[in-house]
Amino acid sequence: MSRDLDAILKDLGGKEIKAKLSGIADLKDIINSGDTDDIRVSEVLEVCSCLLKDNNFKLVQSSLQCLAQLAEMSGETLKNQETIIVPRVLECMGHGKQPVRDSTQEALTVFMELLTPAKVLERCRSAFSHKNPNMREQALVCLGRAVQHFGPEAVPVRLYYAAVFNLAE
């Protein structure tokens, strides 16, 4: 074990980018090791979701990966904080870097498994008409992944016909 959780969270909450990158790497190591008994999940989810607004794409990508892994491990905590975390993750759909958009889709798939596809897609609805083309594209990708992963019965596809046809014009 490299460092304790308090030191990691302190680094993640600081301003120094090298400390944040080191902190997120240590956090990923803790999560990947499976030694998560001491993790205060709601606190870590909050810190990671705040990092999604950072300018460093590696930090944003790693934060998304941590969020997805933490959500898989403790889905109930995500359900309690979904109104905060899901909108912050959805904002990453329009990120300029493809690896961040890919990590966003992975996180959203995990969230759909925990919350239901309809719930996540409903929050994603405004992305279909967003001015950022990456956001619109990723909204389509999200819808496609939901249908592919969960089947058309679990996804209210009819609600998105108009948005998809508008994008096709």
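I began with helix H2 and found Lys20, Gly23, Ile24, Asp26, Leu27, Ile30 and Ile31 buried there. They cover an arc of only 160° around the axis, which places them on the same side of H2. For the entry I note the terms. Buried means under 20% relative accessible area, exposed over 50%, and partly exposed in between, with a 1.4 Å probe and protein chains only. Helices are DSSP runs of H or I with at least four residues, strands are runs of E with at least two, and both are numbered from the N terminus. The arc is taken from the directions that run from the helix axis to the C-beta atoms.

The model is predicted: local features need pLDDT of at least 70, side-chain atom pairs count only at pLDDT 80 or more, and totals for chains, interfaces and linings use all residues. Residues are numbered from 1 along each chain as its sequence is written, and side-chain values use heavy atoms, with hydrogens and water left out.

**Helix H2, continued**

I checked the length of H2. Residues 17-33 make 17 residues, and the helix reaches 24 Å from its first C-alpha to its last, close to the 24 Å expected at 1.5 Å a residue. The expected span is 1.5 Å times one less than the number of residues. What covers the buried residues of H2? I listed helix H1 (5-13), helix H3 (41-51) and H4 among the covering elements. Just after H2, I noted Gly34 with a positive phi of about 85°.

I then picked out Leu27, which lies in helix H2. Leu27 has a relative accessible area of 0% and is buried. Leaving aside neighbours within four places in sequence, I found Leu27 in contact with Leu5, Ile8, Leu12, Val44, Cys48 and Cys66; contact means heavy atoms within 4.5 Å. I also took the C-alpha to C-alpha separation of Leu27 and Leu9, which is 8.7 Å for a pair 18 residues apart in sequence.

**Two residues of H4**

Ser63 lies in helix H4. I read its relative accessibility as 0%, so Ser63 counts as buried. Not counting residues up to four places away in sequence, Ser63 touches Ile24, Cys48, Leu51 and Leu52.

Gln61 also has its place in helix H4, which covers residues 57-73. With residues up to four places away left out, Gln61 touches Pro99, Val100 and Ser103.

**Salt bridges**

How many salt bridges does a search of the whole structure find? I got nine, where a salt bridge is a side-chain nitrogen of Lys or Arg within 4 Å of a carboxyl oxygen of Asp or Glu.

I looked at the bridge between Arg40 and Asp6, at 2.5 Å from N to O. Arg40 lies in the loop between H2 and H3 and Asp6 in helix H1, so the pair ties together parts 34 residues apart in sequence. Arg40 is partly exposed at 33% relative accessible area, and Asp6 is partly exposed at 45%.

Next I took Lys20 and Asp54, whose side chains meet in a salt bridge at 3.1 Å, N to O. Lys20 is in helix H2 and Asp54 in the loop between H3 and H4, 34 residues apart, and the pair links distant parts of the chain.

Glu82 counts as buried at 9% relative accessibility, whereas Lys119 counts as partly exposed at 41%.

**Around H7**

I looked up Thr116, which lies in the loop between helix H6 (98-115) and H7. Thr116 has a positive phi of about 105° although it is not a glycine. Most residues other than glycine have a negative phi. Thr116 counts as partly exposed, at 42% relative accessibility.
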